[in-house]
Amino acid sequence: MHSIRFQFLAFITMLLLLLLLLLNTYPLITSRDTVFEEKRSSLSGQAAVVASSLSGTDRLNQAGVAEILRFLDISGFARVVVTNKDGTVVYDDGGATGGVTDIPDIGTALDGKTVFRSVFADAAFVSSIATPLSSQGALTGAVYLSEYDAERAEILLTLQGRIRILSLIIGVVALVLALVFLFILMQRIRALVRSMHIVAEGDYTYRHAVSGRDEIAELGQEFNLLTERLETTEQQRRRFVSDASHELKTPLASIRLLSDSIVQNDNIDPATVREFVTDIGNEAQRLQRTTEKLLDLSRLDDDVQMIPEPVDVKQAALDALVLLRPLAREKQVRLRCDLEEGCVVMATLDDMFHILFNLIENAIKYNVPEGEVFVKLAGTEDSVELSVEDTGIGIPEEDRLNIFARFYRVDKARSREAGGSGLGLSIVRDAVLAHGGSITVGPNKPQGSRFIVRFPRPTSEETGI
Ligand SMILES: Nc1ncnc2c1ncn2[C@@H]1O[C@H](COP(=O)(O)OP(=O)(O)OP(=O)(O)O)[C@@H](O)[C@H]1O
Ligand SMILES: [Mg+2]
């Protein structure tokens, strides 16, 4: 729960520490190096001046050297040492003369090399240079100059102190800002989580209050969309359950009523009993049909789809027409068809049969005596089109959108009389959509309805032909 906050804070702190560390070292190191360079060039210059002044004398002695040095400004140096070529000190303003020097750099200078050193320690720059002396190309001795600079060191130390204070201020301000930002962010995330809890507990009408336009706001919007879909699905589920139970309740109530009348009536004549039992049978049949259709629908709802295979629509249409011929005869409706060969779509034979059977059954059921049903199947280059036209009672325009909904019937009385449960077209629509097709409904001229189903023509890769 605290982990994002912790990670974010740890990250910010690390970043800040790194930045401040850099701020506290880099400028100081560069300024120090600049001072070192300055010292090198100034000391080299001064050493050169001293060396050239002493180069005239091929034999160095204390009096001579002191005399020459008196004319040079050497007051800025902490120590000036001059030795002859054996390393014997001939001049030292900070020690005794006569002995062999103990300064190792002078030894190196006596080998002909100039040695420069500069260190920053104990609040001062301590720099020194040792350089060989020569006269007419021959080594005569060495000179050593050392300098102690506390002034530059102090400037550097003051700078360091200021940077430290500045870093502290920057660090505190950045951390406070990060904390404030984090707090606001966490508040918003927590609000979203709270909304999720509310919805998870079943209040699908709840909507998260979205503010701003950033990613969290987007998350909130997506969450609201999800809730909306959940709400719709839940409403549909409830309506479906209540519709389904209502649908099953009515025939069950009739069966009970009919059986009760038989049982309770002592002197009921056999003809009436027969009539009642026939009615009971009819109601049971209706129940059976409804439950079968509900099962079909739930199978279509299932995620586990049957694997589509190439289906010849013409064959499915002929199968449906053969089965429906008795019904058409009973209703005095003429069946006509014009079915093109080779109209193959990717579906299952079962689904294709259901589509055709339900559409043609409706066209017969909601027809008029001496009416006609025309089934046409034709293919274009990339689609297969199936149309079922009838000359029946037609569907009012305002009902056309609804007829695909479960249990919807335009004329309840007429549909019930015809044994309909209002599920046929929703099965048709689900099956058509499941196989990538589309279905539309419109009026037929001069009267009746026309249903058109379109399927994409499968590629030869899909059919494997
Ligand atoms: N060809 C048609 N002509 C006129 N009305 C139709 C036609 N097809 C469907 N309808 C109307 O649409 C409603 C829904 O049709 P659907 O096939 O879903 O249900 P049903 O035929 O009543 O019952 P079921 O098909 O489940 O036995 C029907 O009750 C009917 O009012
Ligand atoms: Mg129907």
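V441 stands opposite F451 in β12. These residues belong to a predicted model, in which local features need pLDDT of at least 70, side-chain atom pairs count only at pLDDT 80 or more, and totals for chains, interfaces and linings use all residues. Residues are numbered from 1 along each chain as its sequence is written, chains are lettered from A and ligands numbered from 1 in the order in which they are written, and side-chain values use heavy atoms, with hydrogens and water left out.

Strand β11 (residues 438-443) and strand β12 (residues 449-456) run antiparallel and are joined by 6 bridges. Two strands are said to pair if DSSP finds at least two bridges between them. Helices (H or I, at least four residues) and strands (E, at least two) are DSSP runs, numbered from the N terminus. In a regular strand the side chains alternate between the two faces of the sheet. The hairpin of β11 and β12 has 5 residues between the strands, and G448 takes a positive phi near 100° there. The loop between β11 and β12 also holds P446. A cis peptide bond, with omega about -5°, joins K445 to P446.

Two other loops hold residues with a positive phi. A123, which is not a glycine, has a positive phi of about 55°. This residue is found in the loop between β3 (115-121) and β4 (124-135). What is the relative accessibility of A123? The value is 42%, so A123 counts as partly exposed; buried means under 20% relative accessible area, exposed over 50%, and partly exposed in between (1.4 Å probe, protein chains only). Q136 is not a glycine either, and has a positive phi of about 50°. Its place is in the loop between β4 and β5 (138-149). Q136 counts as exposed, because its relative accessibility is 82%.

The next topic is charged side chains. A salt bridge is a side-chain nitrogen of Lys or Arg within 4 Å of a carboxyl oxygen of Asp or Glu. By this rule the count comes to 22 salt bridges. One of them joins the side chains of R237 and E234, at 2.9 Å from N to O. Both residues lie in helix α5 (residues 215-264), 3 residues apart, which is about one turn of the helix. R237 is partly exposed, with a relative accessible area of 45%, whereas E234 counts as buried at 16%.

R409 and E247 form another salt bridge, with their closest N and O atoms 3.1 Å apart. R409 lies in the loop between β10 (383-390) and α9 (412-417) and E247 in helix α5, so this pair ties together parts that are 162 residues apart in sequence. R409 counts as buried at 8% relative accessibility, and E247 is buried with a relative accessible area of 7%.

R406 makes a salt bridge with D430, at 3.0 Å from N to O. Because R406 lies in the loop between β10 and α9 and D430 in helix α10 (residues 424-434), the pair ties together parts that are 24 residues apart in sequence. R406 is partly exposed, with a relative accessible area of 25%, while D430 is buried, with 13%. The charged end of R406 also sits over the ring of F240, 5.2 Å from its centre. A charge sits over a ring if NZ of Lys or CZ of Arg is within 6 Å of the ring centre and within 35 degrees of the ring normal. R70 lies over the face of F71 at 5.7 Å from the ring centre. A network of salt bridges links K39, E147 and D149.

Rings also meet one another. Rings of Phe, Tyr and Trp (its six-membered ring) pair if their centres lie within 6.5 Å; planes under 30 degrees apart count as stacked, over 60 as edge-to-face and the rest as tilted. By this rule the count comes to 6 aromatic pairs. The ring centres of F8 and F181 are 6.0 Å apart and the planes are at 40°, so this pair is tilted. F8 lies in helix α1 (residues 3-54) and F181 in helix α4, so the pair ties together parts that are 173 residues apart in sequence. F8 counts as partly exposed at 23% relative accessibility, and F181 counts as partly exposed at 46%. F36, F120 and F125 form one aromatic cluster.
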